[in-house]
Amino acid sequence: MSVAIAAIAVCGCGTKDNPGRTASTDTNGATTSVAGEVALPAMAARGSAWLPPGAGDGDWMMPSRDYAGTRYSPLTEITTANAGQLQLAWTFADGQSTYGHEMTPLVAGNTMYIVSPFPDKAFAIDLTKPGGPLKWSFSPNPSPIAIGKACCDAVVRGAALYDGKLIYNLLDDHTIAVDAATGKELWRTKMDNIENGGTMTMAPLVADGRVYVGNSGGEMGVKGWLAALDVNTGKELWRAYSVGPDSMARIGSDFHPFYSWMRGKDLGVTTWPANAWKHGAGAPWGWVTYDPDRHSVYYGTSNTGPWNADQRPGLNLWTSGVFSRSASDGMAQWAYVFTPHNEWDYDGVNENILVDLPVNGQTRKVMVQFNRNGFAYTIDRATGEVLVAKPFAHENWASGIDPTTAMPVLVPEKETVPVGRWVRDICPADIGAKDFQPSAFSPRTGLFYVTAQNICMDYKGREVSYIAGTPYWGAQMTRHVGPGGNYGEFIAFDAVTGRKVWGIPEAFLTYSGALVTAGDVAFYGTVDGWFRAVDARSGKVLWSRKLGSGIISAPMTYRAPDGHQYVAVAAGVGGGAMTTSSQPGFPPRGDTYYVFALGNAIPSTPAPSTKPGAP
Amino acid sequence: MTRAAVAAVAVLIAATACQRDSQQLRGAGAGDISVPGQDSMVGVTDTTGLPAEGVLSHVAIGDIAGVGNNTLDATIRSPFGGNASAIREGGEEFEKMNCAACHGYDLKGGMGPNLTDTYWRYGGSPADIYKTIFEGRPQGMPAWGRTLTPTLIWKLVAYIEAQGGAFPAALADRARQGDVGDHDTTSGSTMKGRNSAP
């Protein structure tokens, strides 16, 4: 996301319409705040300043706000001292309560943008008027076949604003660009064939004129791929597979994995039984981050297909791992596989947050990933060297990560091969010690804020045949709560030492994303519908409200045209959280966005008007 | 049909699906997928005693506009209903054809709908369920009519019926009207017990 959003930037991001908004443009064309900010440690703060072009300090134009994936906002009106005064300002229901709400609302200038789960509608909300009336809505009418091909609910994880376009993926394998000013479709590109079982659920990342998108379908025998499209035309520029020969994986002479077991020719073929890579998955359905200094994109690859590992002896590269690629041509720079020969569905797709941290007395440019497998990895993002790998939640499948090879040291009794027998109490369960729900990083505290999961499983691998359009899965499982009886925990984590600093246990899964602000307030939600504000330093809960459904979206914050700071989050349980739906008290689904502000910032009740959209 | 013959048909079918996939996905390179027992291929399709496809095509998914009713068609009985060996074979097929991966090994749903409750979007009588498997449905349920024989589909129907969610053929018309409660004031028949959780 890097060109100025013509319509939005002109009318919304400037100081003319928004007196409270002050911004300056740095040499990259990105916009950073200068208004009343606490001085940030320069190195740590670098990533949070990597913004889409035209983004002001009060905007939130991509799901993670910045290219580094920090979900950190520089806004300071809401603080630890006043967060207890947060009140409901307005709500918006998108009418799609059948499926889970995993997306983050976006704000640019005077407008909020929301995309719904299937049928993937888009909405623009006018923030200048009381109650947030609709400016436009858009119905792309994707194919309903996609509903039954999505493993884990017909979700979408968000959109991106760039150059006056709202860009997102449809469940039926199309990437679409909509005019942010008018809601008219600009282009639609078919990326895959829905009848083969692949879907698209991830939020695109848009940078330097390119749209990065990947597929979903790790349970359907797909080949995972990440593609770059031209933001103006939707034309595909390159596509890199997560399996297959080096030519398909876009691995060439610039590829330098740190560890020797990932070096060699065509490992995406030779680490599999004959032809098994063709249905080996590695779908990048999570998050993409972007380092504009290195000009690299980072993204993880999904679980290995099928789950039954007995049918695919070998390391199964490059599934369940992470790639660093050149943003311009997609050629791989390095890779690392978190869970080689994955026997437990531990996808590698979680967000890779790009920060600079002092490791062993040296400032290192790292990426931090809280992996499904229960380990938090701090990895040198230039080389792929694993610097720190420690558990951030309860796990019992590996005794640690070998410091020399960076391979997991397996606990034999938790291996699921040979198949056809129940293996009891494997922790974490398939949905992981954390699923896709993104973490946040505060450059002020140096801590990561993570919604961790304490869930375990009994697992039985089963023989499976590939039949196109049906699951290529090969596993049966039941899930149960981990030690302590709390499914969820909101934790603050130090990625330098690999230690949890504090944690807030929750009875229900914590399956929302996290948000942290320069007011040192962190936000998260629970699957039973509690939305909480927390002191980012102490972990003290400052404020809680029960919303209409479980929260599996990621909260965001923005400055509205009235100059005040608002916090928005969707409540609509679904997705992987449904694995715990038999828990007593599990809420019904929902479809509502809730927007909060400090009580004294919320406008007084407007008089009724007969003029549509007017106060 | 003997059990061996059924298994042989299943093998043939799996191999066919495999070839079709090869053509569609990759354009070439068939034979890269390992299907258990792929080497023995015998094609036997015996439809003796089964309802004719033409009859099934008259079973409506929705209610009937205007005069008339479809009671006769919807009440086509399940040819293998209650047949223990057919139910067992249907259960094996349910796993082999990856039905279990979508609908759950316990049939209680997952990617696809729960098959043990009394909510049937496209009808829950044996004939309705047969048609759904044969024709596919628009929210991702594939059509199996070109892949599975009528005999196998009816055995899948028998298996699903045996798990408790299907409506008895004789009560199909009542079920279509939502009369799944314990008392029916318009007729003597009731669906007593069919709507309670298993």
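User: Which residue is the bridge partner of A:Leu229 in E16(A)?
Analyst: A:Leu229 is bridged to A:Glu236 in E16(A). Strands here are DSSP runs labelled E of at least two residues, helices are H or I runs of at least four, and both are numbered from the N terminus. This is a predicted model, where local features need pLDDT of at least 70 and side-chain atom pairs count only at pLDDT 80 or more, while totals for chains, interfaces and linings use all residues. Residues are numbered from 1 along each chain as its sequence is written, and chains are lettered from A and ligands numbered from 1 in the order in which they are written.

User: How many bridges join E15 to E16(A)?
Analyst: Five, between antiparallel strands, with E15 of chain A covering residues 225–230. Two strands pair if DSSP finds at least two bridges between them.

User: And what's the strand order in that sheet?
Analyst: E13-E14-E15-E16 in chain A, an open sheet of four strands with antiparallel pairing. At the edges sit E13 (205–207) and E16 (236–241) of chain A, each pairing on one side only. Neighbouring strands in this sheet are turned by 20° on average, direction ignored.

User: What's the pLDDT of chain A like?
Analyst: The mean is 92, with 92% of the residues at 70 or more; pLDDT is the predictor's confidence in each residue, from 0 to 100. Residues 1–40 of chain A are below 50, and that stretch has 98 contacts in the model beyond near neighbours in sequence. A contact means two C-beta atoms, placed from the backbone, within 7 Å.

User: Is A:Asp120 buried or exposed?
Analyst: Buried, because A:Asp120 has 27 C-beta neighbours inside 10 Å. The cut-offs are 20 or more other C-beta atoms within 10 Å for buried, 12 or fewer for exposed and partly exposed in between, with C-beta atoms placed from the backbone.

User: And A:Pro483, buried or exposed?
Analyst: A:Pro483 is exposed, since 11 other C-beta atoms lie within 10 Å. A:Pro483 is in the loop between strand E31 (475–481) and strand E32 (488–494) of chain A.

User: Over to chain B. What angle do H4 and H7 pack at?
Analyst: About 100°, with the axes of H4 (residues 84–96) and H7 (residues 150–162) of chain B 7 Å apart. H4(B) is therefore roughly perpendicular to H7(B). Axes are lines fitted to C-alpha atoms, for helices over the stretch in contact, and angles run from 0 to 180 degrees between N-to-C directions. Under 35 degrees counts as roughly parallel, over 145 as roughly antiparallel, 65 to 115 as roughly perpendicular and the rest as oblique.
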